[in-house]
Amino acid sequence: MPEHRLALCRTCYSPWFLEHTERAIKKFSMFTHPERILVAVSGGKDSLALWHALVELDYQADGFYIDLGIDGNISYSDQSKHACVKFSERLNRPLHTVTVAEEVGAAVPEIKDLTRRVACSGCGLVKRYFMNRTSLEAGYDVIATGHNLDDEVAVLFGNTLRWDQEYLARQYPVLDEREGLKKKVKPFIYFTEKQTTVYSLVNRIAYIREECPFAKGATSLYYKDIINQLEHQMPGSKRRFLDGFFQVRDRFVQSEPVELRPCRQCGQPTTGDVCAYCRLVEQVHRHSTASVR
Amino acid sequence: MPARKLLEQINVLAETVVVTKNEEIVTEDEMLEVGDEVELIRVISGGTGDQERGIGN
């Protein structure tokens with residue numbers, strides 16, 4: 001790990017990783033041991049490693065899986081669901097599941113076709129909605145996601161390229177609870193993807209190595225490539241970029257936060273009258289009916 | 001040759017893979033010999049659909 005000027009053996013790696021997970025949790029006041037944590041898992045290395053690490057650290061961490069209904073000729077969602085179910089059994093912790101096709105009336109690939117939205121846009125919307133709804137319904141205190149340093153730096157890079165002040169204001173490892181929105185945290189904020197992969201391999205976590213078929217050609221992958229070239233030449237650049245941003249982030253936060261109110265249809269928080277999720281469901285139903293005629 | 005040299009030769013950044021030799025994770029300084037079974041495990045994943053894009057739903 002050139003950025004830490006550190007090389008660790010197999011035995012020392014997990015204790016080092018767990019200690020740094022705990023440090024991030026405490027540094028950003030993410031949660032405490034009495035609180036119940038809902039870990040959003042996809043079957044990939046980061047989210048399963050996060051669930052494993054939190055259980056190792058004796059947190060009350062349960063899993064939450066969203067079946068997106070993506071096949072991509074690799075049975076992507078079937079594989080990812082299988083990985084999450086098996087891992088839940090291994091950890092002996094509950095796994096909550098939601099199936100997008102049952103809730104919305106169409107799976108993510110159909111939502112993409114019916115609404116002409118980019119797949120990641122509809123997918124992100126339903127994920128955020130179900131994470132919040134499930135955490136409220138099942139009585140969790142906080143939602144934890146497996147976003148890592150590379151994810152965060154790539155998003156920051158994109159937001160900075162566009163100087164998107166609203167997104168910059170929202171980018172932080174902790175988003176506090178407010179008006180029907182559960183607290184959300186990212187305990188792996190300071191781990192690179194390589195570090196979460198090594199943790200997964202060392203702990204024999206059976207994650208799916210296949211990439212989401214819709215991620216092919218994603219802008220974030222292009223940003224990650226550029227950032228890794230920078231990191232290769234100047235170790236520590238990712239961390240400096242992100243920490244430097246945290247020091248100036250307040251400048252992007254509006255003094256008057258946008259008001260949230262319950263959606264007229266589902267009761268989940270929204271800035272408008274009807275939330276984006278309910279509008280998406282309506283759109284899907286309208287287009288499905290039209291295509292049947 | 002060291003694993004680092006192999007990665008340079010095939011134009012792969014060390015930040016983007018985990019190197020295993022005979023099914024054991026090794027650092028980029030590890031010497032690779034003829035007959036070693038070497039695997040490069042990709043670490044980069046894409047798609048940021050569940051990143052925060054706005055407030056509320």
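Biologist: What makes E1(B) and E3(B) a pair of strands?

Modeller: Two strands pair if DSSP finds at least two bridges between them. E1(B) and E3(B) are joined by five bridges and run antiparallel, so they count as paired. For instance, B:Val17 stands opposite B:Arg42 in E3(B). "Strand" itself is a DSSP label: strands (E) are runs of at least two residues, helices (H or I) of at least four, both numbered from the N terminus.

Biologist: Before we go on, what am I looking at, and how is it numbered?

Modeller: This is a predicted model, where local features need pLDDT of at least 70 and side-chain atom pairs count only at pLDDT 80 or more, while totals for chains, interfaces and linings use all residues; side-chain values use heavy atoms, leaving out hydrogens and water. Residues are numbered from 1 along each chain as its sequence is written, with chains lettered from A and ligands numbered from 1 in the order in which they are written.

Biologist: Why are E2 and E3 of chain B called edge strands?

Modeller: The open sheet has three strands in the order E2-E1-E3, paired antiparallel. E2 and E3 of chain B each pair on one side only. Neighbouring strands are turned by 40 degrees against each other on average, direction ignored. Angles here run from 0 to 180 degrees between N-to-C directions, with axes fitted to C-alpha atoms, for helices over the stretch in contact.

Biologist: What lies across E1, E2 and E3 of chain B?

Modeller: Helix H9 of chain A (residues 193-202), running at about 35 degrees to E1(B).

Biologist: How do you know which residues of chain B and chain A are in contact?

Modeller: Contact means heavy atoms within 4.5 Å. By that test, 27 residues of chain B are in contact with 51 residues of chain A. Buried area is the accessible area (1.4 Å probe) that two parts lose on being put together, summed over both. The two chains bury about 3400 Å² between them, 55% of it on carbon and sulfur atoms.

Biologist: Why is A:Lys194 with B:Glu28 called a salt bridge?

Modeller: The rule asks for a side-chain nitrogen of Lys or Arg within 4 Å of a carboxyl oxygen of Asp or Glu. In A:Lys194 and B:Glu28 the closest N and O atoms are 2.7 Å apart, so the pair qualifies. Between chain B and chain A the count is two; over all chains it is 23.

Biologist: What makes the salt bridge of A:Glu103 and A:Arg133 tie together separate parts of chain A?

Modeller: Their side chains meet at 3.2 Å, N to O. A:Glu103 lies in helix H4 (residues 100-104) and A:Arg133 in helix H6 (residues 119-137), so the pair ties together parts that are 30 residues apart in sequence.
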